[in-house]
Amino acid sequence: MIVVSELTVRYGASVALNRVSASFAEQTVTALVGHNGSGKSTLLHVLAGILRPTSGRIEGTLGQRVAYVPQRTVVGENLPLTVRELVGMGAWQRRGLWRRLTAHDRDAVKVALTRLGIADIAERQMSALSGGQRQRALLAQALVQRGDLLLLDEPTTGLDTQARAVINDVIDEEAARGAIVVVATHEPLDAERAGQTLTLTAGCLRMPTDTAVSA
Ligand SMILES: Nc1ncnc2c1ncn2[C@@H]1O[C@H](COP(=O)(O)OP(=O)(O)OP(=O)(O)O)[C@@H](O)[C@H]1O
């Protein structure tokens, strides 16, 4: 369980998160919803440990392995990597940078590629992928990391129904494996399937709709 209390993040004079308190349980998908600029990515960055809050507390993250997938629009489109290489980078957190992947890592890459339905394009350059394929590759990389905490920023935005279904199934499977999953989304249908929905309005949290354990 990760518990955040009274989290505030300021960028200069502007307040991106305003005294947000919430908890995130294992085996549960939490959807973060809210308008553009409401603070969803900021909260993900704090949970990922990329951004230190101006004030407030985070408890329970010690020892957690974090896998974070940013919005695909902020990931360079021209990464000079094949899909397999990108997905293999997910093992670096455990192996260290630039180390050769073990047979076990290569298996994990293969499994992740298959789960996301992109095994057939594994040797293709990332720059030659469609938006939906790129999103699947980024998520496959996160699967290889086997995070205790999986943070996803708008993983299904702009994708067709089939790609969304694949990604949503994988998200559910990761929660069922025991991960704490937090997904920022603008898709009402994706938010509906989450075990917990947190609505941010201009950096403030509205009362959550409940915390049933997701399946
Ligand atoms: N690096 C930054 N410097 C200054 N202000 C920032 C920075 N990053 C975010 N902000 C501001 O913080 C607020 C929250 O932004 P954030 O990206 O968390 O929103 P969001 O809910 O993820 O939006 P979107 O749905 O558009 O992705 C916005 O007002 C934004 O302009």
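By class, the shell around the ligand comprises three nonpolar, eight polar and one charged residues; here Ala, Val, Leu, Ile, Met, Phe, Trp, Tyr, Cys and Pro count as nonpolar, Asp, Glu, Lys and Arg as charged, and the others, Gly among them, as polar. The model is predicted: local features need pLDDT of at least 70, side-chain atom pairs count only at pLDDT 80 or more, and totals for chains, interfaces and linings use all residues. Residues are numbered from 1 along each chain as its sequence is written.

The residues around the ligand include Tyr11, Ser14, Lys40 and Ala184, where a residue is near a molecule if its C-beta atom, placed from the backbone, lies within 6 Å of it. Strand E2 (14-24) and helix H1 (40-48) each give two or more residues to this shell, and H1 gives the most, with three residues. Helices (H or I, at least four residues) and strands (E, at least two) are DSSP runs, numbered from the N terminus.

Strand E2 also pairs with strand E1 (residues 2-11), in the antiparallel sense, over seven bridges; two strands pair if DSSP finds at least two bridges between them. In the hairpin of E1 and E2, two residues lie between the strands, and Gly12 takes a positive phi near 60°. E1 is also joined to strand E4 (residues 55-59) by four bridges, and the two run antiparallel. Val4 has Ala22 as its bridge partner in E2 and stands opposite Ile58 in E4.

Elsewhere, Glu187 is found in the loop between strand E7 (180-184) and helix H7 (188-192).
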